[in-house]
Every structure is written in C-alpha cells, then in structure tokens.
Amino acid sequence: MLNLIRGEFRKIFTSKSLIVFLAIPVGLSLLSMASERILFEVVNSISEGEKVVYTTDLGYVLLSSVAQDAFFIVMSVFLAIWNVKDYSTGSIRNMLARGCTRTNIYFAKYLVSMVMVVMYTVVNTLFSVLFSFIFSKVIGTLTVEILGLYLLDIFMVIAIATTYFSVIMMFQKLAPAIIINLVSGGVLGIIISIIQEVFIKNEKINLNTLALETIIQRLPVKVLSEQTSSQGGSLTQVLAQISDQLMKPFEVNSTFILHMNIVCVFYIAIFLTVGFLVIRKKEY
Amino acid sequence: MTQILKTENLTKTYGQKTVVNGVSMTINKGDIYGFIGVNGAGKTSFMKMILGITFPTSGSIELFEGENILEARRKIGSLVETPSLYLNLSAKENLKNYCVEFGFDTNQIDGILQLVGLGDTGKMIVKKFSLGMKQRLGIAVALLNDPEFLVLDEPVNGLDPKGIKEIRELVIRLNQEKGVTFLISSHLLDELGKIATRYGIISKGVLVEELTLHELEEKCVKSVTIKTTENEKALEALRNAYPDVEIKLNDDHIVFMSSDYEVADLSKTMSENGAYVVEIRLTGTTQEDYFIERM
C-alpha cells in the first residue's frame, strides 16, 4: 500500500499537469481580485458623493477562496486526469498482475487524491489572501472561529472531492467522469432546494445543508454579512449576500458545525463505499 | 518437479458466452509453455485470470505450489494484450514509475533497457516509439524484479525479424541461465516451435491437447512412402541397412518412418537387393500443420 501511495505521488509530481493544476487557482485568484478592483474603481469613479475605499475582510477572503465554481471545476478535471490514466493506459493490468489488490489501488489513489485536494485548497487560499492584500485594503482579523470554519470548509471540500473521486473510479473514463462531476453538484443542489420548498413543511428542517457546494458558497456571506454591509465591501460580497437571502437561512453555530461535519462524514462514507463496491468487481 | 502454475477446471463466462471452458493446466519450473490457439480461442482470457486481471467464473488457480496468490504474483512478469505504458514519459521513467509502485529496486532499470535493446532511447517519450519499441518496453516492464515466471501474450507482435530473433534468444537465455518459466502465446507457430518445450492447444475455450516437444516431434515425424517391384525384398534390405528406423509394410507400400536419409540412398539400397523403386514420396505433417488441424 505504501509503495502504491509513493507511486501515485510520483506519477503526479513528475507530471506537467501538476504545475497547471496549481497555477490555475493562482491565476483565477489574481483575475478575480484584479477584475473586482477594476470594477470597483469604475463604479467609484462614476458615483457621486463620498468616495469609498475598496476593502475586503480577511475572514471573508479565507472562506470565499474555496467558494468559487471554477475551484471545483478545476479540481474535478484534474482528479479525473490523474486517476483515469492508469485505466486508459492499461497500467492497471500491470499493477494487478504484480499482486496489487483492487482495494489497495483504490485507497492509495483516494489518499493521494485527497492530499492533492488539500494542497490545492491551501494554495488557492494563500494566493487569494495575497492578492487581496495587493488589490484591496484588508480589514478584519482571523479569529479562532473563522479558522475553525475554514477547517470545516476544507472538510467539505474533501467530502465533495470524495464524490468526484467515486464517480471517476466508477466510470474510469475521462469525459463521462468529468461531465457527471460538473453537473451533479448543481443538480443535487436544485433537487434538494425543490424538495425543501415543496415537500418539507417543518420549519426546523433545512435540507439545503445537505448540498455541500451551496453551503460552501453561502458560508462566507453568512458569517461576515454584517461587516460587509457596514463597510462597503466588494461587489461579489454584496451579490453573494443577495443570493443568500433568497434561500432558506441557517444559523452558523456549534450545532451547525457539528451537523456539517456529520454530513461530510456521511458523504465520504457513502461515496467511498459505493465507489469501492463498484471497482472491486471491475475487470480489465 | 516444482509446479509453477496449476489450474483446475478454470472457466470464464461472459453472459451466455464461455470463453474459457474448464481448462486444467500444469506448468512446471523451467518449462517454456507454448499456448496455441486462433484469435478468440481463450488464450488471453486464460492469462488474464492467472494474473488476477479478471476473475474466474469457476475453477481454481494455484501458483508456486499454493503460495499466497498475491505474493506469488509479485514473482510473475507479464505482457498481456498491448504494452501498458505511460506515453508521455521516457522508457526509463516508465520503468521507474513501476519500480516505485511495486517497491522494486530502481538500479536494475538500465540493465533491463539494455537487455531489450532500448538502452539508447534517452529522454525520447514513449509516444514517439515505434510499435516494436513499445513492445520491447512492455517486455522490459515484465522483466522487472527478475521474475521467476513470465506470462507473455503475443510478445513478438510488431517486431521485425531481427527483433523476433532477439526476443527468442532472450527467452531461451532467461530460461537456460536463470531457470525462468514461460507461458507464451503466439500466432507465429514456427517461432513458438523453435523455443517451446511444452505445448497447449486451446480451441473455443477448451484445452484440446497438451504435449511435450518430444511428443510433438513424434507426431510430426515425416516418413517416406515407397512402392517397389518387390516390396518384401525392399523391406528386408532397408531393415538391414537402417536398423534404427521403424519400417512398416502397409498393403502395397512400405513406410519408412524417418526423413533424415537421402531418398537416393534408400533407392540404391533397395535396387542393390533386387527391388526397384516404382514410386517414392515424402509424407508426414509439419508442426504448423499439426497445430492448425487441432485449432
């Protein structure tokens, strides 16, 4: 198992795709922050009255760094590229023929994928923070609560990545795996929203918290809505606030954090198991 | 004698189609087992089950006399169907990837590349390799970690005559010097005939016949059919002159069970004893014909 993990890391770290994988979030962060700043300056220049300073909240930047659609698209594409390779080249036959079990191969790939996902998330956040300092006046400080929520974000990213991984391993073909992963998050969110609005009459039940991608996107807005509204904030922050107000609200408290952790564990357990049950019967 | 592979009633079914049907095979240490069959006969399916790439529908597989099958498979090198390679890496990087993955020593890589004739490919990526070079690299992957048993499915596919000869010599050398056991399938029956010590013929998933090289040679022995003016005299003369050769009188002709002697000498022997040749012809079957008849 250890050799397989080393082998998986080697394959990724000797591949040019790793540079692209890590460069994309850097580029996206740069593009996002720079374009926001430009837009802000345009609006500021044509508006009458007192000019406001473009500010971003450090906590918001931290939590919203993983709340971009592009973040998940890139993640799903690269997870597919790396994990499908052994199946498309037929290397899986060599691995099995040399006594590696399907179970070990599956879990080695999963562990390495998740390490890469965490690395990708951290790089993405670091550069988001860096560019926010370059393009705006950063206000606010990092509290233990914010860091705790960031860790929850990472856990939710891992849970989402697990669903991607599971789909990739079930199909073992690049195009179908990517398409399903790209579509499934949005579709799941819509289905859950419909069920919530149409069928759930109990006010205390909020099924929206099962849609992890939606929660990741709403979390920064939720936590920092007061600061952003009182201090101007970025356009994205304002738009995110409006969008959040249209959905069933949730409170960010210890119960919510516990609930989200349980949801993540549920996601990971279900998808990892389903993927495993499918691959253990696969023949090549 | 140590058994490297033993299968009993190994069967593989896809839906209603049985591609391997109750194959019981034994391969002993040091064998070069030639696995013969037409396309779709079940050769590759059988090999894939041995290697754990597919699951048997029924039957059993025993490797290295019942050793733990996963541990045993670490001692097996294989090349099944097309070589499984990372196209964007060099030959060396490909082997390195596999070595790291399987926990093998990377110091062996240069030697193996030399052995298969890819020692000078440098940083050229595999995508740019010819079919033959890819095949050689596939064999190099199979040779990692000094396997005791090599399972090669059509190993000379895509190789030029020189490459075929080199692979043949490599197989013989590994077999004779290191005692490596082989299970090889090939369409080139003539090639297989030059190296195999045992043969298995598979047809429609059924192992129809297993025979040793000696048995094959016996079955493929060529004979000389002779008609003379005096068959009795001819028979006596030939038996006296060639006491080691089996000679039979069948109805109106003599069957001389060897093709190692000159027809002219046989004719001379008989005429000197008063039996003059009316008709003389070489009969018998080649190894290739023998296999084709049974496939």
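This is a predicted model: local features need pLDDT of at least 70, side-chain atom pairs count only at pLDDT 80 or more; totals for chains, interfaces and linings use all residues.
Residues are numbered from 1 along each chain as its sequence is written, while chains are lettered from A and ligands numbered from 1 in the order in which they are written.

**Exercise 1.** Work out the strand order of the open four-stranded sheet in chain B, and find its edge strands.

*Solution.* 
- Step 1. Strands (E, at least two residues) and helices (H or I, at least four residues) are DSSP runs, numbered from the N terminus.
- Step 2. Two strands pair if DSSP finds at least two bridges between them.
- Step 3. The order is S11-S12-S10-S13 (chain B), with antiparallel pairing.
- Step 4. S11 (247-250) and S13 (277-283) of chain B are the edges, as each pairs on one side only.
- Step 5. Check one pair: four bridges join S11(B) to S12 (residues 253-256) of chain B. Lys248(B) has Val255(B) in S12(B) as its bridge partner.

**Exercise 2.** Describe how domain 1 and domain 2 of chain B meet.

*Solution.* 
- Step 1. Take the bounds from the automatic or database domain assignment: domain 1 is 3-217 and domain 2 is 221-291 in chain B.
- Step 2. The C-alpha centres of these two domains of chain B lie 43 Å apart.
- Step 3. Count contacts (C-beta atoms, placed from the backbone, within 7 Å). Seven residues of domain 1 of chain B touch five residues of domain 2 of chain B.
- Step 4. On the domain 1 side, H7(B) gives the most, with three residues.

How values were computed
Two residues are in contact if their C-beta atoms, placed from the backbone, lie within 7 Å.
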